[in-house]
Structure formats: structure tokens, C-alpha cells
Amino acid sequence: MTQRTAIVTGAAGGLGRALAQALIERGSNLVVVDSDSSVEDLTSGRADQVLARVADVTDDSQLTALVADAVDRFGSIDLCINNAGRVDYAPMDLDAAQAADIFESLWRVNTRACYMLGRLVIPHMIEAQHGHLINISTDHVHTCGYPNALPHEDSSSCPWASAPRRPLGGDAFDAYDASKWALNGLTQVWSQALKRHGIRVNNICLGATDTPMIRQAMTDLRGTPPTPDDIAGWMKPDEIADLILELHDEGPSGRTGDNVGIWVGHPVTLPPAHPVLDRSHRVR
Ligand SMILES: NC(=O)c1ccc[n+]([C@@H]2O[C@H](COP(=O)([O-])OP(=O)(O)OC[C@H]3O[C@@H](n4cnc5c(N)ncnc54)[C@H](O)[C@@H]3O)[C@@H](O)[C@H]2O)c1
């Protein structure tokens, strides 16, 4: 992947930063964006390799400028990882207007921004006749119990080892889960429509991973910070980043249209492509 160019959104912290660092180590040119200005640290000592922008991915004009700057600087976009995201909760007794505000704000960053960035990048990928779009969804969509109940011989520490897991977060996750389920719609249609152009599109259905988001979410939900045992049970951003780049490294004949499940309590290894993705659904 030497000298290829990747875009990573939400790269100031958490999984996005781990992805950015892994791509830098692999020699990729990199365009990183985050609303948090600490994203600019990633350019330190490597201004030739990394372009950083402090921007809000829900602002179409800022995304448009980002893609134009990326192409202007590096000439192509080979990989685009829609990682920036937020979590929020809408308990069932919440006032409807407040619930609508939560839905709207999550939809804008978790779904609409991914759609817009994809739509801005796709023409450049079509022109190049190759590329890979990766959306970061959640294991609330594709669990170890759905659509297939998995055996748990190698994963006895999985919280759902004794009963299949339903495809959802919790009782207050309607807006969050809807915003992430929608990414599967983008992934499925884009993968089918773009395979003739050599473009792959995949969805990562990520389980609990130790990032600022989950630490804050756990604190908000429980009223106390996560315990060392909680943290020890979560996956690590570096291992998830490596797995995502392994998915990318499948190359032009790799899977497209998959919901790649990565779950706590299971080995963090790239699973085989879902059986529905037969050869006719591969890019080449
Ligand atoms: N950590 C987990 O357990 C977990 C599980 C499932 C899915 N995810 C998903 O993984 C992705 C990465 O999450 P994380 O855990 O690293 O979260 P994080 O909060 O640690 O990092 C998210 C980054 O996105 C940035 N961001 C948020 N809104 C933005 C906006 N409007 N414009 C620009 N940047 C913005 C934040 O500033 C932050 O740096 C998210 O899409 C999240 O929903 C995380």
C-alpha cells in the first residue's frame, strides 16, 4: 500500500487515531479530519505524508474542501474510512422533541456525513477505477447471534456465550442504532453499484473497544467510570486498526459488501467473508 492515499475521519482520538497511526507506519499518504484540533498532531514531523484538517464532517462545504485538498495534494484517494461518530441515548420516557433532536444530531454525523463523504469520494474512485470505502458501524447491527448464531468454543468469555445476542444496543439506543443500521444500506448498494468500477465497500460492525467514547458512554450510563475489569474486557483500538487494514489488504479481489463482525470475548481476527458474498459479488 506504499504511497497510496487514505482519508480517515474522526482521527483525533480513539479508533480513528489508531487507524491513522497504522496507515502512517505502512507508508500511506494520509488525510485526517476531526472537529478536535489535536488531529493536527498527526502531521508532526511528517508534513509531506499527512494532511490534517480541523473540520466538522456534518458540514458539506468542509467535506467538499477536504476531498478537493486531498486530490490536489496526493492525486488520488484509494481508501476512505468513515470513522467519525457519536453516541447518545434517548430513553423511552424522553420528551419527543428532545428525542427528535438526538435523532437528528446522531443521523447527521453517523449517517449523513458518511453518505456525503462517500458521494464526494466516489467520482474520484470511479475515475481511478479502484478504491475502498469502509464504514464503521456497530455490533448492535451484526452480532455473534445475528444473522447467524455462532459457536462459542473459542469465545467462552463472550457475554453472550450462553445465549444468542439480539441485534441491538440497549433500550435507549433507538436513534444510535438506526444511524448505524443505515450504514449497511449504503454499504450494500454502493458495493453492488461500484464493483464494476473496481471499488470495494465494507462495513465494520465493531464491539466494545477502549476509546474515549466508550469510557464516557459507560460513565454516563452507569454514573460511575468504567472499572479496570470493564476496560480489560474491551478490545484495543490498535488491534482493530490492524484488522481493518488486513481487510483492506485483501486487495482488488477482496470481499465487498460485507458486515465484518468484531466482538468482545471472541478472537480479534478477520472472519471469512459472509457466504452470501460469492464470487459474483467480488470486485474482480
Ligand atoms: N468504541 C466503541 O466501543 C465503538 C463500538 C462500536 C462502534 N464504534 C464506532 O467507532 C467509531 C469511532 O469511535 P471511537 O470509539 O473511536 O470514538 P471517539 O469518540 O473516541 O472518537 C470519535 C472521533 O470522532 C470525532 N468527531 C465526532 N463528531 C465529529 C464531527 N461532527 N466532525 C468531525 N469529527 C467528529 C471526535 O472528535 C473524535 O475524535 C465511531 O463511529 C463509533 O460510533 C465505537
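## Close-up views of the predicted model

**View 1. Helix α1 and the glycine after it.** Gly 27 follows α1 and has a positive phi, near 85°. Helices are DSSP runs of H or I with at least four residues, strands are runs of E with at least two, and both are numbered from the N terminus. The model is predicted, so local features need pLDDT of at least 70 and side-chain atom pairs count only at pLDDT 80 or more, while totals for chains, interfaces and linings use all residues. Residue numbers start from 1 along each chain as its sequence is written. The 12 residues of α1 should span 16 Å at 1.5 Å a residue, and the 17 Å between the end C-alpha atoms of α1 agrees with this. The expected span is 1.5 Å times one less than the number of residues in the helix. Buried in α1 are Gly 14, Leu 15, Gly 16, Arg 17, Ala 18, Leu 19, Ala 20 and Leu 23. A residue counts as buried if 20 or more other C-beta atoms lie within 10 Å of its own, as exposed if 12 or fewer do, and as partly exposed in between, with C-beta atoms placed from the backbone. The cover over the buried residues of α1 includes β1, β2, β4 (79–82), β5, α5 and α7 (237–248).

**View 2. Ala 22, a residue of helix α1.** Ala 22 is partly exposed, with 19 other C-beta atoms within 10 Å. Leaving out residues up to four places away in sequence, Ala 22 touches Ala 241, Asp 242 and Leu 245; contact requires C-beta atoms, placed from the backbone, within 7 Å of each other. Ala 22 and Leu 245 are separated by 223 residues in sequence, but their C-alpha atoms are 8.1 Å apart in space.

**View 3. The surroundings of the ligand.** The shell around the ligand holds 26 residues, and the closest are Gly 10, Gly 14, Gly 85, Thr 211 and Met 213. Two or more shell residues come from each of α1 (14–25), β5 (131–138) and α5 (212–222). By type, the shell has 11 nonpolar, 11 polar and 4 charged residues. Ala, Val, Leu, Ile, Met, Phe, Trp, Tyr, Cys and Pro count as nonpolar; Asp, Glu, Lys and Arg count as charged; the others, Gly among them, count as polar.

View 4. The buried residues in α2 are Leu 63, Leu 66, Val 67, Ala 70 and Phe 74. Down the axis of α2, these buried residues fall within an arc of 90°, so they line one face of the helix. The arc is that of the directions from the helix axis to the C-beta atoms. An α-helix has 3.6 residues a turn, so residues three or four places apart point the same way. The buried residues of α2 pack against β1 (5–9), β2 (29–34), β3 (50–54) and α3 (96–128). On the face turned away from the buried side, α2 carries the exposed residues Ser 61, Ala 68 and Asp 72. Just after α2, Gly 75 has a positive phi of about 90°.

**View 5. Backbone details in two loops.** Gln 129 lies in the loop between α3 and β5. Gln 129 is not a glycine, yet its phi is positive, about 60°. Gln 129 is exposed, with 11 other C-beta atoms within 10 Å. Pro 147 is placed in the loop between β5 and α4 (174–194). The peptide bond joining Tyr 146 and Pro 147 is cis, with omega about 5°.

**View 6. Pro 226, in the loop between α5 and α6 (228–233).** Pro 226 is partly exposed, having 19 other C-beta atoms within 10 Å. Setting aside neighbours within four places in sequence, Pro 226 is in contact with Arg 215, Met 218 and Ile 231. Pro 226 and Arg 17 are 209 residues apart in sequence, and 21 Å separates their C-alpha atoms.

**View 7. The chain as the setting for these views.** The chain has 7 helices and 7 strands. Their order from the N terminus is β-α-β-β-α-β-α-β-α-β-α-α-α-β. The radius of gyration of the chain is 18 Å, close to the 19 Å from the globule rule for 284 residues, so the chain is as compact as a globular protein of that length. The radius is taken over C-alpha atoms, and the rule is 2.2 Å times the number of residues to the power 0.38. The C-alpha trace spans about 50 × 40 × 35 Å along its principal axes. Of the 284 residues in the chain, 41% are buried. Among contacts in the chain with a separation of 6 or more, 70% are between residues 24 or more positions apart.

How values were computed:
A residue is near a molecule or strand if its C-beta atom, placed from the backbone, lies within 6 Å of it. Two residues are in contact if their C-beta atoms, placed from the backbone, lie within 7 Å.
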